Amino acid sequence: LTAASASCKYRSNGEVRSHSPPTTYESVLKSAHFPGLDLEVSPNRDSLAYESVYDGIRSGGGVVPNFMRGTLRHRGWAEAMHAAFRLGLLSDKKIDKKVSTWSEVVKAVGADEDLLDVYAKEDAGVAGEMVRWALVESEDITRLLPTPTAGASAEWSPVDLFANALWEKSQYRLGEQDLALMSNTLQFGRADETGGYMARGSLHVKGDGSPEGSAMARTVGFTAAAGAEIILEGGLNSLDTGGGIIRPTIPQVYEPALKILEECGVKFNEDHQYL
């Protein structure tokens, strides 16, 4: 939710574009990388901070014309987050007022409480579905407030209450599993003796949860464990790094790491296409 209220920066058709809410939610793109899933891509914070990793593919001092780091979500996520933003529910402003309904929360943060009625209508799209599901007006939401303790402030923030509501309503039921997706696409040109060519290369990974652990726990946990194993077995001893953080963008890291991940059931599918 914190990321959903952040600004974003990326390059499109050679131009650097920056957005802050609410225009951030209007810059989403449709994703077709995973057939059967209706997904969208939301630009995630400052994409250009990662551009230096690709310095090796630049030529003549130019820049990559299209460069964006995004978050994959089910279609409608941005619309729902736009509604949450307009209702003030992504605000981390500390408030010291007693509230028991969502209308009181929206009013306390200074947003338009009439929007709750607008979004609660059946024809309000995905945003309406989110509001009717997560922000049931008849509910007493005092259970979502911080537990008061002696000598401590009774302050709360709208984003904390919203997060507590989503956490409460989004618990996995027995037998349910999550899904983690990653897609990397690189389109590039290369000059050769025949005049050159354009190509697109893609890497996709789809991780499903299992009784042994969620997809998030497995993809993150196995990756961290692979890094630890490479270090403990001396895989980086030949590198003169001088210590510190090592990016997984060198063969000594990613080659053994990808092999370990595949053995754990996390496999990248690679695809190349000449354009």
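Before going on: what you have on screen is a predicted model. Arg45 is not a glycine, yet its phi is positive, at about 55°.

Asn13 is another residue to look at for its backbone. Its phi is near 50°, again a positive value in a residue other than glycine. Asn13 belongs to the loop between β1 (8-12) and β2. With a relative accessible area of 61%, Asn13 is exposed, since the cut-off for that class is over 50%.

On to the loop from β2 (15-19) to β3 (29-31), where you will find Pro22. The peptide bond between Pro21 and Pro22 is cis, with omega at about 10°.

Now the whole chain. It has 275 residues, and 30% of them count as buried. The secondary structure comes to 7 helices and 8 strands. The C-alpha trace spans about 70 × 45 × 40 Å along its principal axes. The accessible surface is about 17400 Å², and carbon and sulfur atoms contribute 52% of that. On contacts, taking those with a separation of 6 or more, 64% are between residues 24 or more positions apart. On charges, there are 27 positive and 38 negative ones, and their mean positions lie 3 Å apart.

Next, helix α1. Its buried residues are Ala78, Ala80, Met81, Ala83 and Ala84. What do these buried residues pack against? The partners are β4, α3 (114-119), α4 (125-134) and α5 (158-169). After α1 comes Gly88, with a positive phi near 80°.

Further on, the loop between α1 (77-86) and α2 (102-109) holds Lys94. Its relative accessibility is 48%, and therefore Lys94 is classed as partly exposed. In sequence, Lys94 is 62 residues from Trp156, but their C-alpha atoms are 5.4 Å apart in space. Setting aside neighbours within four places in sequence, the contacts of Lys94 are Glu155, Trp156, Ser157 and Asp160.

The last element is helix α6, residues 215-232. Why does its length make sense? The helix has 18 residues, and at 1.5 Å a residue they should span 26 Å; the end C-alpha atoms are 25 Å apart, which agrees.

Which residues of α6 are buried? They are Ala215, Thr219, Ala226 and Ile230. These four cover an arc of only 40° around the axis, so they lie on the same side of α6. As a general point, an α-helix has 3.6 residues a turn, so residues three or four places apart point the same way. On the face of α6 turned away from that buried side, the exposed residues are Met216, Ala224, Ile231 and Leu232. Just after α6, Gly234 has a positive phi of about 80°.

To recap the backbone points: Asn13 has its positive phi near 50°, Arg45 has a positive phi of about 55°, and the cis peptide bond joins Pro21 and Pro22. That is what I have for today.

Definitions and conventions:
Residues are numbered from 1 along each chain as its sequence is written. This is a predicted model: local features need pLDDT of at least 70, side-chain atom pairs count only at pLDDT 80 or more; totals for chains, interfaces and linings use all residues. Side-chain values use heavy atoms; hydrogens and water are left out. Helices (H or I, at least four residues) and strands (E, at least two) are DSSP runs, numbered from the N terminus. The expected span of a helix is 1.5 Å times one less than its number of residues. Buried means under 20% relative accessible area, exposed over 50%, partly exposed in between (1.4 Å probe, protein chains only). The arc is that of the directions from the helix axis to the C-beta atoms. Contact means heavy atoms within 4.5 Å. Accessible areas come from the Shrake-Rupley method with a 1.4 Å probe; for residues, only the protein chains shown count as cover. Lys and Arg count as positive and Asp and Glu as negative; His and the chain ends are not counted. The place of a charge is taken as NZ of Lys, CZ of Arg, CG of Asp or CD of Glu.
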